Amino acid sequence: MRMEGYLPMLKNSQSPILSSSPPYEIRPLIEAIRFESIIEDWFAHKSSFINATLEGYINGNRVNILPEEILHTEKLNKSFRLTNVQLYSPQVKKYCDTILAQEGLVLTANMYFTPHQDAQCFTWHSDSQFSQTYQIEGEKKWSFLNDKEGFVREKFEQEKILRKFKEHKLEATEIEFTLSKGSWLEFPYCLLHKAQNLGKTPSIHITFAYNMATLGDFGKFAFEKIMGKPLRDNYMDKISIEELKSALKNFNGDSTEFLKEFKEHVEIIENIKRTQGRPYGYEL
Amino acid sequence: MKDLRDFKKQDILIEIEALHFPEIEAILFDDCLKLFPQGELKVTGVQNQLPEVKQFCRRVYAETGILLNCTLHLLPPLDSNDLNYRTHFQHRFVYQISGSSKWHFPLIDGIPYRESSNRAKLVSKLKLNDGQVLEKVLDSANALFIPYALSCTVSAETNTPCLFLTFAEEEINVRDILNFLMEDFFGIKDFEARFFEAFDQSEFLQQTQSPNVEASTIKVDDFYTKTKMAKFKHPQGK
């Protein structure tokens, strides 16, 4: 199976793209994914993968959930998420392995179950990866923020932007995309979004995250190497100019070696994600 | 007046009761009220509107090199105690003009919670609201120094109109340094706009030139001055 020309389009996209079905090239692999088998596979392998976690939610807030509860979803009153499904589900793994072989890209996958309309799947946030979503069962409404410059992407001050929006101080409107069974949605890095079940029946979707190295990742790597301190979303921390001067004095200026180290860093991280899954909240 | 630089160095919450701010003390309540547009409870850029504040900010800049942006706040009498904590990524200094305000600082392990974007993810807002709170009541003519990134909320303490000024100094942060390193050091133009751009690492390796450490070091002071001035003109908290 060849998928040439498919992923470059995704890389250059600035907006969500909704389709009634997955692209032709990958449709058989995606449509083979079944909710019930993922649940069974998770039960069979949950102790083998530290990052293959089960997390319960009610209206976006984390709540306790017992593994047994997800066997009887007809009685379940909370949403849940299974992370790193690619580690134990043969159907999902097949798709991820194919993309790795064809495109050299490492994918991670999470599955989301939302029992009914009142149990919001997740509230406003943005992710640091390109995402593809396939609606396995039911319906789900995805909302994105759109302002005069297009869809709102935010990395540095997500909370501030969202607070402004909630206080009606951000000139942005919600653009909604409704996914029904079999729908396929793609969206790029860091678009602010939320998702909600639309109906009374459970809504189930799976999201694939593409962990591609970006200029931002290079920036973070360079910052850590030069400044000698970690950079994990703490963009607003104050920092003295003397610290910068001292760090620059100590830098030897060999960019070839430096860039080689970055390439190795990406390979190490991708290998961790491929074999152990993507730890929650971990970026490249 | 004690130097604001001392407060910044101490980097903790400081009540300032006995200090003398001659310019600010001369501000009249009625002059402040006139600044509020209809229905608004906040006025920004007060240093450009009240001569006394302008004089104070100029003196502070001349004596310490600190650029202050001033905002005037009016809280409705006995405002409901809204515990939506907010974080200002600035050093702030509050001066109470009339009435009393109560400042609430959530405590984590007995210490006022200081937010970085990173820690914000680890400590849920629920935990902040359920935990212990440090309260400071600010009466008329009293002042409070709130260090960078300390989370807090404020409510009116009396039935008289609660009017106070906040003076904020913008700081250089990790984001600014990251931009400097990428744009001036590695020559990646429009770095923030291209932050999410996926790229071919091998191609990038071949194209990127060695950074000029000496030239970049010389640029640091220029970067500092320009960034501070840009932030003063376009404050973060606005």
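Q: What puts two residues in contact here?
A: Two residues are in contact if their C-beta atoms, placed from the backbone, lie within 7 Å. The model is a predicted one.

Q: How many residues does the contact take from chain B and from chain A?
A: Chain B contributes 36 residues and chain A contributes 39 residues.

Q: Which helices of chain B each supply at least two residues of the side that touches chain A?
A: α5 (117-122), α7 (174-185), α8 (201-207) and α9 (213-233) of chain B.

Q: And which gives the most?
A: α7(B), with 6 residues on the side of chain B that touches chain A.

Q: What is that side of chain B by class?
A: On the side of chain B that touches chain A there are 22 nonpolar, 9 polar and 5 charged residues.

Q: Switching to the sheet in chain B. What is the strand order?
A: The order is β1-β9-β5-β11-β3-β2 in chain B. The 6 strands form an open sheet, and the pairing is antiparallel.

Q: Which strands stand at the edges?
A: β1 (14-16) and β2 (42-43) of chain B. Each has a single partner strand, so one side of each has no neighbour in the sheet.

Q: How many bridges pair β3 and β11 of chain B?
A: Strand β3 (residues 69-75) and strand β11 (residues 162-170) of chain B pair over 7 bridges, in the antiparallel sense.

Q: Which residue in β11(B) is the bridge partner of B:His73?
A: B:Phe164.

Q: Confidence. What is the mean pLDDT of chain B?
A: The mean is 84, and 87% of the residues of chain B reach 70 or more.

Q: What are ipTM and pTM for the model?
A: The model has ipTM 0.83 and pTM 0.76.

Terms used: Residues numbered from 1 in each chain as written. Chains lettered and ligands numbered in written order. Predicted model: local features only at pLDDT ≥ 70, side-chain atom pairs only at ≥ 80, totals over all residues. pLDDT = per-residue confidence, 0-100. Helix = DSSP H or I, 4+ residues; strand = E, 2+ residues; numbered from the N terminus. Nonpolar A, V, L, I, M, F, W, Y, C, P; charged D, E, K, R; others polar. Pairing = 2+ DSSP bridges.
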